[in-house]
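Please open the model in your viewer and keep the selection tool at hand. The tour goes from one selection to the next and says what is found at each.

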Amino acid sequence: MQVIESFSNCPNKPFFKVLSWITIPSLLLVSILVLSPCIGSGQDLSFKKERIPLKHGKSYYLLAVSDKRANKPNQLGNIFVYGKSVPLALSQSLEKSLFDHWDYSLKTKEEDSLPLEIQLDEVSVSERKVAPNKIAGEMKVKITFRWTRNKVPLFLTGYSSGSTYTRPESTYDHEALLRRLLDGAIRQFDQWYGLNDKKNPQLARGLKLVLKDEPPSDQADTVFYHPDKKLTWLDFQGKSNRPGSKYAAAVFSSMSYEGNSRMADNYLQATISLKVFMVRSMSWGREEARNTYTLAHEQTHFDITRIIAERFKERLKKVDLTIEDYDSQIQYEFLEAFREMNTEQEKYDAETRHGLNTTTQAAWSRKVQEEISRIYQGS
């Protein structure tokens, strides 16, 4: 009898052992070929390209996949092969592997499609031997979905899943189970997107500003500005006998705005309703000064307030409002407009000497009326 043993010394190829028995008297030849992986070598895995059915897949596309795991870029964990624990790894980085895999189902997109970023927080495989010819395994997947708007990263939703299994100590399709977990992440995001599309401001691609200038009906103590409705002395209901006051009359005019926001298609629509008004109980005129000339002077004060409100609107149109900070941006511009209003009113009174300089008063009245006409031109 003769025994021959032969081995491969290449760590990445299967080794083989051939045992041959030759029995001369009977001329009986027995040969046995045994194939097995190299003890201690890793197992390579690649994801099968398979289109994932996604209902909203055209509304977003894959911009990037980032790997935040502690593992090496292509390592997934350890598995058992013929009684030995060996690394389970990818032929390329997990980032690249999953980008190629998911992008296969997300190549088509529409205008305003969301640039989706996927963060891999955990993708792991671990196994342990629990009995002869019995392996217990566990797979874990934890993923964060986000996108970056105006250089600000926005969290959208997260996904966490896992699976435990037992198997005999033989070949096992780790790829199929892991791919099922990973594809489940995209399917769950697709469902989340369908529920939040055109509803959740986190998905808004940008901001659209709508400015409304529809004066509401007058109230008991408030007169709202309207170009076709001039002030009358009946609107001046405050006390005129103010101690120390040397003026014939005063009008308390001001402006304010109300804002609300809602999703309109893929954009957040911010609506600003501007109000210009005067308060009756804080506006007054002495009995002896209640004439047409004095009333016209006070009407011009009211007109100036309306002009400043229009300038506020025009400034808002030029500001690059962002979804993240539009409210404070609007408030800042409003405060600037309010300061401008006070400055303009003081300038008007100073130059006209509160209406006593009739020549300058006429020039101001003409200039203000021309600007008011431009505001309402065509309306």
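**Stop one: helix 3 and helix 4**

Select helix 3 and helix 4, which pack at an angle of about 150° with their axes 9 Å apart. The model is a predicted one, in which local features need pLDDT of at least 70, side-chain atom pairs count only at pLDDT 80 or more, and totals for chains, interfaces and linings use all residues. Residues are numbered from 1 along each chain as its sequence is written, and side-chain values use heavy atoms, with hydrogens and water left out.

Helices (H or I, at least four residues) and strands (E, at least two) are DSSP runs, numbered from the N terminus. Axes are lines fitted to C-alpha atoms, for helices over the stretch in contact, and angles run from 0 to 180 degrees between N-to-C directions. Helix 3 and helix 4 are therefore roughly antiparallel to each other, a term for angles over 145 degrees, while under 35 counts as roughly parallel, 65 to 115 as roughly perpendicular and the rest as oblique.

Now show the side chains where the two helices meet (contact means heavy atoms within 4.5 Å): among them are His297, Ile304 and Phe312 in helix 3, and Phe334, Met341 and Tyr348 in helix 4. By class, this contact of helix 3 with helix 4 has nine nonpolar, six polar and seven charged residues, where Ala, Val, Leu, Ile, Met, Phe, Trp, Tyr, Cys and Pro count as nonpolar, Asp, Glu, Lys and Arg as charged, and the others, Gly among them, as polar.

**Stop two: helix 4 and helix 5**

The contact is made by Glu344, Lys347, Tyr348, Glu351 and Thr352 of helix 4, together with Thr360, Gln361 and Trp364 of helix 5. These residues divide into two nonpolar, three polar and three charged.

**Stop three: helix 1 and helix 2**

Next select residues 94-103, which form helix 1, and residues 174-196, which form helix 2; the two pack at an angle of about 60°, with their axes 11 Å apart. That makes helix 1 oblique to helix 2. Which residues of helix 1 meet helix 2? They are Leu98, His101 and Trp102, and across from them in helix 2 are Arg179, Leu182, Asp183 and Ile186. By class, the contact of helix 1 with helix 2 has four nonpolar, one polar and two charged residues.
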